[in-house]
Amino acid sequence: MKIKQALVSFSLFLFLYHCTTTSAQSPAQAPSKNQAQPPSKHQAQTPAKAPSQPLAEPPSQVPLVQAPPHRTIAAPTNVTKILDKAGGFSVFIRLLKSTQVIIQIENQLNVSNTLTIFAPTNGAFSSLKPGTLNSLSTEQKVQLVQYHVLPSFVALANFQTLSNPVRTQASNTNDFPLNIITEDKWVNISTGLVNTSISSTVYTDNQLAIYKIEKVLLPLGIFAPRPKPPAPAPTPLKNKNETSSSSSSSSSSSTLDSPVGAVEASNGLSLTRNGMVNIGVAGVAIIFLFGLSKFY
């Protein structure tokens with residue numbers, strides 16, 4: 001049994017050895033055309049094509065999150081705060097507040113309206129005659145402040161484009177005319193009573209401009225000299241006779257007005273009548289006697 005096992009093992013060894021030698025001596029087969037070849041250097045740099053898919057659509061112009069219908073409006077420019085920070089405009093600030101013109105200005109700026117303000121200094125108000133502001137009515141004070149406000153934004157370099165008379169917020173240009181003339185870099189302002197010029201710029205942006213002036217703008221509609229009323233006509237002189245007759249008539253009428261005077265007047269009238277009767281009788285008697293003397 002051991003001999004048979006050894007022979008079988010030896011035969012298997014020879015068979016395996018023969019198969020190994022045969023496979024090692026046979027030439028390698030050529031690669032098939034269908035097999036993948038390694039990519040060349042040029043092909044390695046070319047990116048592989050993406051699988052065919054539909055092209056992406058351009059981004060939509062509609063935002064993902066809709067904006068609110070109205071943007072939040074920023075608070076209007078604080079005019080009094082600007083003037084207070086600049087300094088020297090306390091009287092004008094007080095007039096803006098007391099006349100409530102500042103509320104009109106803030107409302108107009110809040111709706112994106114543009115304005116130009118001529119701000120008189122405290123020295124400008126102190127140069128007025130004492131009691132000038134106190135002599136004005138409430139309406140006149142409002143008109144005075146509005147006369148210093150133009151209803152549009154005017155840059156310092158654009159005053160030359162305005163047409164005279166310039167319209168203000170006070171009233172019509174007939175009662176409140178304002179003429180502005182530019183000369184080089186100077187801006188001269190005339191009301192018909194006051195001539196002044198812009199001395200500096202207090203504040204400016206694309207909506208509001210505030211300019212400093214050294215005199216209060218006095219409009220003709222308020223401060224124009226009023227004509228004096230005509231003198232009363234002289235009373236005509238009366239004659240002496242008319243004066244005496246009028247005085248006697250007045251005295252007699254005044255006498256008759258009283259009861260005592262009325263009695264006295266009636267007694268005097270009766271005496272006068274009796275005297276006239278007696279005179280008449282005496283005259284008749286004299287004529288009768290004169291006739292008898294002629295007869296004899």
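What follows is a short exchange about a predicted model of one protein chain.

Biologist: How many helices and strands does the protein chain have?
Modeller: There are 10 helices and 6 strands. The chain has 296 residues, and 22% of them are buried.

Biologist: What makes Val145 buried?
Modeller: Its relative accessible area is 2%. Buried means under 20%. Therefore Val145 counts as buried. Val145 sits in helix H7.

Biologist: Which residues does Val145 touch?
Modeller: Leaving out residues up to four places away in sequence, Val145 touches Phe92, Leu95, Leu96, Thr99 and Val101. Of H4, residues 90-98, the buried residues are Val91, Phe92, Ile93, Leu95 and Leu96. Helix H7 (138-146) is among the elements that cover them.

Biologist: How far apart are Val145 and Leu217 in sequence and in space?
Modeller: They are 72 residues apart in sequence. From C-alpha to C-alpha the distance is 9.1 Å.

Biologist: Why is Gln146 called buried?
Modeller: Its relative accessible area is 11%. The cut-off is under 20%, so Gln146 counts as buried. Gln146 also lies in helix H7. Its contacts include Val101 and Gln104, as well as Thr168, Gln169 and Ala170, not counting residues up to four places away in sequence.

Biologist: How do you know that the buried residues of H5 line one face of the helix?
Modeller: The buried residues of H5 are Val101, Ile102, Ile105 and Leu109. Seen down the axis of H5, they fall within an arc of 100°, so they line one face. In general, an α-helix has 3.6 residues a turn, so residues three or four places apart point the same way.

Biologist: What covers that set of buried residues in H5?
Modeller: The cover includes H3, H4, E1, H7, strand E2 (149-150) and strand E6 (208-213).

Biologist: Why are H3 and H4 called roughly antiparallel?
Modeller: They pack at an angle of about 165°. Angles over 145 degrees count as roughly antiparallel, so H3 is roughly antiparallel to H4. Their axes are 10 Å apart. The crossing of H3 and H4 is left-handed. On the H3 side, Thr80, Leu83 and Asp84 make the contact. On the H4 side, the contact is made by Phe92, Ile93, Leu96 and Lys97.

Biologist: What makes Ser112 exposed?
Modeller: Ser112 has 60% relative accessibility. Exposed means over 50%, so Ser112 counts as exposed. Ser112 is in the loop between H5 and E1.

Biologist: What is the phi of Ser112?
Modeller: Phi is positive, about 70°, although Ser112 is not a glycine. Most residues other than glycine have a negative phi.

Biologist: Why does Asp184 count as exposed?
Modeller: Asp184 is at 79% relative accessibility. The threshold is over 50%, so Asp184 is exposed. Asp184 is found in the loop between E3 and strand E4 (186-190). Its phi is positive too, near 55°, and Asp184 is a residue other than glycine.

Biologist: Where is there a cis peptide bond, and what is its omega?
Modeller: The cis bond joins Asn164 and Pro165. Omega is about -5°. Most peptide bonds are trans. Pro165 lies in the loop between E2 and strand E3 (179-183).

Methods:
Residues numbered from 1 in each chain as written. Predicted model: local features only at pLDDT ≥ 70, side-chain atom pairs only at ≥ 80, totals over all residues. Heavy atoms only, no water. Helix = DSSP H or I, 4+ residues; strand = E, 2+ residues; numbered from the N terminus. Buried < 20%, exposed > 50% of the residue type's maximum accessible area, 1.4 Å probe, protein only. Contact = heavy atoms within 4.5 Å. Arc of directions from axis to C-beta. Axes fitted to C-alpha atoms, helices over the stretch in contact; angles between N-to-C directions. Parallel < 35°, antiparallel > 145°, perpendicular 65-115°, else oblique. Left-handed = near helix turned anticlockwise from the far one by under 90°.
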